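Me: I'm new to this one and would like to go through it slowly. Can you take my questions as they come?

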Amino acid sequence: MRNFVSVVFDTSAKAYDGLHELWNLDREGDVTVHGTAVVHRDGLGRLVVDTDQTDPPLATAVGVGVGALLGALAGPAGAAVGAGGGAAIGAAVGGTAGFVADINRAEVESEGRFETGFDVLPGQHAIIADVSEDWTTPIDERMRRLGGTVHRRSRDAIRDEALFGPDYPYYQYMYPYEYNPGGYLYP
Amino acid sequence: MAKAKVLEKSEAAVRDALDHARTATQELHQTISRTLAKRASTSKAEVEGAIRKAKEAAESTRSAVGARQGTAQDEVKKQLMAAVGKLDAAEKHAAESFKSSGDAFHTALGKALADARSSVQDISEAVAAHRSEQAAKHAPVKQAS
C-alpha cells in the first residue's frame, strides 16, 4: 500500500536517526521509500525543509506545501500551531531547483487551516516520507524505539483532498535517497 | 529442486538489477541537483559527469528490463521502460546544457533534473511492485482445516 508517513521527533539528531532507519528498512526490503524530507519549525514558527545544499540562501520557497501535507497526515484533531503565520516557507530541492511559488493569501490561509491539525512545536523536527509498505509494523516499531510519533495516511486519501491533486509538488521537496544537510546545523 | 534453484537465481538477478538501476538513477539525481545548485561556479567537467551518469543509469535500467521475465504489460517492466525514456531525455537535456550558457544552461539542466527525479520515481515504484510480488509469492500458504 502506498502511504504518506510523518514522524515527529524532539531533536534534529533523532530525526536524522529516524531518516537513517527508514532507509535501512528500504535496504532490508521491508518497505520501499520513494522520497523523504526532514523539516523543522524554526523560532519564528515557520516550517522549514532541511536541504543538503551547503549554501542556505539557495533555499527557495514552497507555496502550499509542507505544512498542509503534515496537517493532512495528522488529521483534523490536534493542537493549533501557527495557523496562517506558520505556513510553510522553506527550502525546495528536487524536481525543479530554483522553483519559487507565489504564496498568495488564500493559499496561506488554506494551509494554516490544515496545519492546525499538526503539532510540530518550535524546535521540533519531522520526517515526511512517501512509502510503499505491505504492513505498518516495521516503520511503527523502529520509529517508536527512537521516540518518534508516527502519523500515516494512504496516498489515495491524501490525493482526494482539495489541496493535493496530481499537480501538488510532493517531489519538489522530497529527496529520493537518504541525505544529510551539508553546511548548516539545527538545534 | 533444480527448477526451484534456477528460479531463485533468476529472482536474485532481477532484484540485483533493480537495485543497481535504482542506485544509478539516485546518483544521477544527486549529481544534477548539486551541479545545478552551484549555479555560476559549475564546471564543464561536472556537467560531463552528469551526462555520463545519465547514460550509465539508462544502460543499467535497460539491463533490469532485460533481466525481468514477462510481457510489456508487466507492471515492473512498464515502470522500468518509462524510466529508460526519461533517462534518455535527461541525458539529452544535460548534453544541451553542456553546449549552452546563462539562462539556457540552467533551463536545460533543470529539465534534466526533473527527468532524473521522475525516473527515480518510476524505478522505486518498480522496486516496490517487485517486492510486493515476491512477498506474496513467499507468504506462508494457509492449510485447509
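Me: Where in chain B is confidence lowest, and where is it highest?
Reply: In this predicted model, confidence within chain B is lowest in α1(B), with a mean of 87, and highest in helix α3 (residues 75–99) of chain B, at 95; the score is pLDDT, the predictor's confidence in each residue, from 0 to 100. Helices here are DSSP runs (H or I, at least four residues), and strands are E runs of at least two, numbered from the N terminus.

Me: And what is the mean pLDDT of chain B?
Reply: The mean is 89, and 96% of the residues of chain B reach 70 or more.

Me: What about the complex, which ipTM and pTM does it get?
Reply: The predictor gives an ipTM of 0.88 and a pTM of 0.81.

Me: Back to α1(B): at what angle do its axis and that of α4(B) cross?
Reply: The axes of α1 (residues 2–38) and α4 (residues 102–137) of chain B cross at roughly 155° and come within 9 Å, where axes are lines fitted to C-alpha atoms over the stretch in contact and angles run from 0 to 180 degrees between N-to-C directions. That makes α1(B) roughly antiparallel to α4(B), a term for angles over 145 degrees.

Me: Which residue classes make up that contact?
Reply: The contact of α1(B) with α4(B) has 14 nonpolar, eleven polar and four charged residues; Ala, Val, Leu, Ile, Met, Phe, Trp, Tyr, Cys and Pro count as nonpolar, Asp, Glu, Lys and Arg as charged, and the others, Gly among them, as polar.

Me: How are residues and chains labelled?
Reply: Residues are numbered from 1 along each chain as its sequence is written, and chains are lettered from A in the order in which they are written.

Conventions: This is a predicted model: local features need pLDDT of at least 70, side-chain atom pairs count only at pLDDT 80 or more; totals for chains, interfaces and linings use all residues. Angles under 35 degrees count as roughly parallel, over 145 as roughly antiparallel, 65 to 115 as roughly perpendicular and the rest as oblique.
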